[in-house]
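I opened the notebook to look up two residues and their surroundings, and then the chain as a whole.

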Amino acid sequence: MAAGIFEYFVVCGLGPEIRTLDGDKGFHGTRILYMPALLDQFPPSDHSLYPSPPPQLSTCVLPAGVEVYSSGFDSNDPSTFPRSYPIVLTEGDGSKIYVSCIACRDPVSEDIAEAYRIPPNSFADKCICLVSHSPCFRVLRNALEEIYALCFSDAGSSKPLWEAIAYMVTNVPLPTPGKDRVLFSIENCLLSIEAPPKDGLPHADVSFQPLVQCLDIDNFIKLFTAVLLERRILLRSNKYSLLTLVSEALCHLIYPFRWQHVYIPLIFFSGVDYIDAPTPYMMGLHSGVDTSGLTMDGVVVVDLEYNRITTSEEIPPIPEPELSLLRDEMTKLLHPSVVGIDLMTAGLGGSYEYYPKLGGKPWGEDHDLQLRLIFLKFFASLLGGYRNFLENTATYAFNVEAFLRKRSRSTNQPSDPMITQFLNTQGFLDYVERGTSPDENNVNLLDKLQDAIGRGQNPISIFPSSLMEPEIITISDSDTGTSGSGAKYTYDRFPSNIRSEEEEEKRKQILAVASGAFDYSGRHSPRSPSVLVGKDAKVDALSPMERAAERERMVLDIKVKLQGLWLRLLKLGATDDPLSSFEHGTISALIEFDAEGIGGSGFVECIREHINSGWHCQLTDEQFIAVKELLKTAIGRAISRNDVVTIRDALEVSAEIYKKDANNVPDYIQRHLLSISIWEELRFWEGYFDHLMDRSSSSSVNYATQVSSQLIVVASHMAGLGLPDADAWYMIETIAERQKVGFKQFIKLRGFLSHVQQVRIGYWGNSSIKAPSVSSQGLPSPSPKDAANEKYQPAEASGVGRSWVQSMFSKDNASRANSFGRVRKWTSDSGASAAENGNPHRQELSSAAQKKLQTSVRTLRGHTGAITALHCVTRREVWDLVGDREDAGFFISGSTDCLVKIWDPSLRGSELRGTLKGHTGTVRAISSDRGKIVSGSDDHSVIVWDKQTYRLLEELKGHDAQVSCVRMLSG
C-alpha cells in the first residue's frame, strides 16, 4: 500500500492537567484562557510504525488557548458556531506539515469537571484536526467536515466514529502525481484526491482569490517585493483561514524561489513577542491581539481587512520596465472589463488575448494558474540571461556584479537597489545553488519560460498537457458487521477514543492528584467556602490536638509520597522523558497546589536526605532539566509564603546537584536559578549569613575567622548563581562591615570573589545580565516585560510552542550566518534593556554599583538593509595608534544597502555624522585611523575615504572575490 495522505487525526482541548496560559495550575474561572492539550489521536501514540505528532500541534491549532463557557452551540449566536481553518507548521528540516482544523464548543469531560470543581454542564474549546505532509488543503477540509457532520448527524453513522476515522487514515493512499485519482467515501459522501504532474508548477491547493481581494494591485506588488527581499512580514486578520491562505499564496508566487526563513502563518497569541525578532520571518497574527507594547521597528505590517501596509523602512520599488509590465498584466487578469473597455471585440492581437476565456468567469483554478504565470514571466524578464553568470566555484555561485553591469547596459539605467538586494537574499542564493547542484532533478520552469519567450512560443506551452485521463483508484468502504442490522451511532459530543490501560491509569492519577490537592486546599484555606459544606464541615469539629495530629499525618503522607516519586524519577530509563513523566507531574502538582508549602519544603528535604545518604548527585541531561524546573517551582512557592527555610535549603542542594557537559565539566543546577529575584535582596543574604553563623557557632574558633569562613560560603553561592560582581560584592561588603571585619579579611574576600567570578565567566560566559522573562528552556524572551512587575513564575505554559518558535529562529544553518549575527545582537539588546529597566531591589545597591550597572540603549536608523560590518573606535585604540582622541567613541557601519555610515553616539538625536557612497555591493569589512576610513565589499573592491570630508580618495581593485577583511596599519 502506498503512503497515506492522512497521517494523523488529532483532537486537542482541555486536558486532565489544567493550567492557564500564565502557568498557574488548576481551574480559575470561565474568563481565563487555558493551555490546550492533545487529547486523542489516531494512529495511537504507542504505534511503533508512526512518529508522534509535532509537540507544538495543540498550541498552534488553538492559538488563543482554551476557554471554558457556561453554554455550548447556539444557533442564534454566531460566536458559538464551529470554525474551520487550515494551519501550516514548519519542522526542523524545513518541511511543512499541513493541518485542517475545526474548532467548536464541546462539553467538558465529567471526570475533569469533578476533579477541578468546574461547574456542571460547562463547555470548552475543542479542535479536531487532520494532519498531512501533502498540501491538499481542500481534501483535508472536506474530509474533516464530513467527519464532524457525521458525528453530530441526527441520522447517526453506521459505525463507531473512531472506527470510521481509523479506516480513512489507514486506507486512503497518496495518489501518484499526474497519474492517479483516488476516490473514497465517508459514510455516504464521495470524495476524491489527485496531484498534478511533477514537471509543472508545485502543487498549490489554495485559491489566490483571498490575496487579490484583500489588497489592491499596488499593495499586492509592494507586499510581493517585501517578501522577495526577505523582510519581516506580519500579516494581520481576524480570520485564521485568511492568514494561512495568504501566506501560502505568497510562498507560491515567488516560485522558483523558496522562502528560507521563519514561517508561521498563524502564531499562537502568547508568542506575540517574537514579532520583535530581528531575523526575517513571515508570520500571521489575529488582529485582536494587542501589539502596542512591541517595537515593530522595520516590520512590514499587512492589514488584510483594510488593504493597508505600514513599515518604518522603505521598500525599494521594482525597477522598470518590469514594474509596468507586472502591473499591466495583473490589471488585465483582475479587471479585464476595464482594460478592454475601449477595444474592439474581434481581430485584436497582443497580450489581451492571453485571458479571453476568463473575463466573464468567477475566480477559479484557471485564474490561479494565470496569476502564477504572470509572476513567473516577471522573474524571466528581471533575470534575463542570468544563466550566463552562473559560476560553480568554491567562492561563489553567481557573478552578481557582472550581471548588474550587463543589465545596466541593456536598460540604460544604473544598478537598481531592489535588484541588488534581491540578488543578495538567501532565496536567490538557494536557487542558484540548487541549479548548479548535480543532485538537483527538479524541472526548472524559469529556464523553460525564458527559452519559450526567446523562441516566440506561448508561455502556457511550458506546462505539461493534461490530455491523459488519470487512473481511478477506488477505496471501498469497510464492513462493520453492524450495517446489516441497522445499528446507528449518535453522539452529543465529539467522543473520546478508546484509551489503553496505561493511558487510563495515568489520566486517573493526574485527576486524583488534582482532586486531592483541591480538597486539601479547600479544607485548610480559611477563605474557602468548601469548609462549610459536606464532609469538610467535620474539620471544624476537631479539637486543636486532633487537628495537629491530622496535619502531622498529612505531612508524613506527603513526604512519603515525595520520597517514592523522587526515587522513581531518578530511575527512569534512557528512553523516558522525565518532564512528561507521571512522577514529575505529580511532584509538581504537590508543590503547586499545597497552600501550606508542605510539598515544596518536603521535596527539598527529600533531596537533602538523599544527598546525606550518600547519593553522588549526578543527573542525566533530561533529569537535570526536570529537577531544575521542580526546584524553581518550589523556590517560587516558598517566596510567595515567605518561607526562608525552604529557599535557603533549595539554594544549598542546588549547589550540589549537577550534570556533566561535553567537556566533562560539572554544570550545577544553581547556575540556572539566576532568574529568581530574591537573590538580589540584601536582607535574604543577611538572614542566610546569620543562619550560617548560628549553625557553625563554636567557642573554640576565632570570631573573625568564623565570619570570614561563612562570608566565603555566601560568596560561593553568589558566584554559583552568577550574580553580577558589583551586586555580589556590595552585599558581601555590607555584611562584612556590620561584622567589623578587618581590612586583611576584606582583601581576602575581594580576591576570593574575583577569582571564582573569573573562573566561572571564563568557562560559562558572562551571565550577569538577568533577563526578565525566561522560558522553560532558559532562552530570553525577545520582548522584556516590565521589571517592576517581575516575579517568579513556573515554567511557561506555552513552553512547547515557544521552544518550537525559538528553534526556528535559531536553526544551525550555515546559509543564515548573517541572521545569526543579528540574533546575537537581539539577545544582547534584550538583556541590556532589562538591565536598563532595573529591579526594585537594586535600590539597595551602592551608588557606585548602580553607576556600573546602568546602561543606555538606543536604536540608530539610517540603513535600508541589514548591518554586515561594524567598526568601533575606542579611546584606547585611538590613543595607541595615533595619539589622537578626537574620534574616541565613534563607530562606523556597513550594510547590504552598499553604504558606509559614520555615527557619533554622544549626539543624541543626530548621531549620524556622514554617509559614504561608492560601493556597488554589500559592505563586509571596515577599519580606520585618525584621517582615513577603509572599507571592503562584495564588489571585490577596497575604498579609502577621507574621514573629515567623507570624500572617496582611492578605489583599490585586484581581488577576484568579495573582500571580507581590511585593516589599517599606522606608522
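I began with H717 and found its place in helix α22, which spans residues 703–721 (helices are DSSP runs of H or I with at least four residues, strands runs of E with at least two, numbered from the N terminus). I am working from a predicted model, in which local features need pLDDT of at least 70 and side-chain atom pairs count only at pLDDT 80 or more, while totals for chains, interfaces and linings use all residues. Residues are numbered from 1 along each chain as its sequence is written, and side-chain values use heavy atoms, with hydrogens and water left out.

Is H717 buried or exposed? I noted that H717 counts as buried because its relative accessibility is 9% (buried is under 20% relative accessible area, exposed over 50%, partly exposed in between, with a 1.4 Å probe and protein chains only). I then saw that the H717 side chain makes polar contacts with the side chains of Q670, at 2.9 Å, and Y688, at 3.2 Å (a pair of N or O atoms within 3.5 Å, one able to donate a hydrogen and the other to accept it; residues adjacent in sequence count only if both atoms are side-chain atoms).

D40 is buried but has no salt bridge, and R499, the nearest side chain of opposite charge, lies 4.7 Å away (a salt bridge needs a side-chain nitrogen of Lys or Arg within 4 Å of a carboxyl oxygen of Asp or Glu). I did find the D40 side chain reaching the backbone nitrogen of N497 at 3.5 Å.

Finally, I recorded 28 helices and 25 strands in the chain, with buried residues making up 51% of its 971 residues.

Conventions
Lys, Arg positive; Asp, Glu negative; His and termini not counted.
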